[in-house]
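Subject: Structure for you to look at

Hello,

I am passing on the structure we spoke about. My notes on what was found in it follow below.

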Amino acid sequence: MEIETTRMIDKIASECVGARVRILGRIVSGIYDDALRPIGLRVSQMNILVATAKFGVARQSDICETLAMDHSTVSRNVDRMIARGWIETLPDSDGRAAPFRVTEPGLQLLSEKAYPAWQKAQKAIVKLLGSEGISSIRSATRRVKESEDIE
């Protein structure tokens with residue numbers, strides 16, 4: 001391999017923020033997923049449930065925008081949670097994407113099972129990343145979200 005090509009590869013391997021964020025995301029998601037697995041929930045589903053609960057009544061586009069998730073991922077997860085009785089759809093006059101909300105069993109799942117599992121995972125993440133790391137992630141997320149609103 002040419003020296004220039006080797007330098008380029010080394011630079012990308014050592015400096016690529018995209019790679020680092022994806023690695024961090026997989027590790028962090030894995031910790032939450034491991035904690036939530038015994039209750040049949042994934043961190044992405046828990047976040048959809050929480051966001052939906054905060055909205056009261058949500059539409060798929062609300063969740064996609066809030067959680068920066070693509071429509072197919074949200075749709076697939078909402079369908080699974082409807083099948084499990086955690087979310088219910090509501091009648092809608094426009095007939096496109098029906099609004100939905102968290103059911104009582106979904107709220108019960110969040111409060112009685114998901115929250116304790118989340119606390120366990122959250123504690124592990126804080127220990128792993130430290131308060132400075134957590135603060136940096138919050139700050140970076142805020143900056144990215146604000147820049148999306150500007151563009």
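A crossing of two helices is called left-handed if the near helix is turned anticlockwise from the far one by less than a right angle, and right-handed if it is turned clockwise. By that convention, the crossing of α3 and α4 is right-handed. Please keep in mind that this is a predicted model.

Helix packing

Two packed helices are described by the angle between their axes and the distance between those axes. For helix α3 (residues 43-55) and helix α4 (residues 60-67), the angle is about 115° and the axes are 10 Å apart. The α3 side of the contact consists of Asn47, Ile48, Ala51, Thr52 and Phe55, and these meet Asp62, Ile63, Thr66 and Leu67 of α4. Sorted by class, the contact holds five nonpolar residues, three polar and one charged.

Nonpolar core

In soluble globular proteins, nonpolar side chains tend to be buried together. Here the largest nonpolar core has 28 residues. Leu36, Leu41, Met46, Ile48, Leu49, Ile63 and Ile87 have the most contacts inside this core. Two or more residues each are given to it by α2 (17-36), α3, α4, α5 (71-83), β2 (100-102) and α6. The largest share comes from α6, with seven residues.

Leaving aside residues up to four places away in sequence, Met46 touches Leu36, Leu41, Leu110, Ala114 and Trp118.

Aromatic pair

With ring centres required to lie within 6.5 Å, the count comes to one aromatic pair. The rings of Tyr115 and Trp118 have centres 5.7 Å apart and planes at 20°, which is under the 30 degrees that marks stacking, so the pair is stacked. Tyr115 and Trp118 are three residues apart in helix α6 (residues 104-150), and therefore about one helical turn separates them. How accessible are Tyr115 and Trp118? Tyr115 has a relative accessible area of 43% and is partly exposed; Trp118, at 27%, also counts as partly exposed.

Arg142

Arg142 is another residue of helix α6. Its relative accessibility is 49%, so Arg142 counts as partly exposed, given that exposed means over 50%. Arg142 and Glu88 are 54 residues apart along the chain, and their C-alpha atoms are separated by 31 Å.

Regards

Conventions: Residues are numbered from 1 along each chain as its sequence is written. This is a predicted model: local features need pLDDT of at least 70, side-chain atom pairs count only at pLDDT 80 or more; totals for chains, interfaces and linings use all residues. Side-chain values use heavy atoms; hydrogens and water are left out. Rings of Phe, Tyr and Trp (its six-membered ring) pair if their centres lie within 6.5 Å; planes under 30 degrees apart count as stacked, over 60 as edge-to-face and the rest as tilted. Helices (H or I, at least four residues) and strands (E, at least two) are DSSP runs, numbered from the N terminus. Buried means under 20% relative accessible area, exposed over 50%, partly exposed in between (1.4 Å probe, protein chains only). Axes are lines fitted to C-alpha atoms, for helices over the stretch in contact, and angles run from 0 to 180 degrees between N-to-C directions. Contact means heavy atoms within 4.5 Å. Ala, Val, Leu, Ile, Met, Phe, Trp, Tyr, Cys and Pro count as nonpolar, Asp, Glu, Lys and Arg as charged, and the others, Gly among them, as polar. A nonpolar core is a set of buried Ala, Val, Leu, Ile, Met, Phe, Trp, Tyr and Cys residues joined through side-chain atoms within 4.5 Å.
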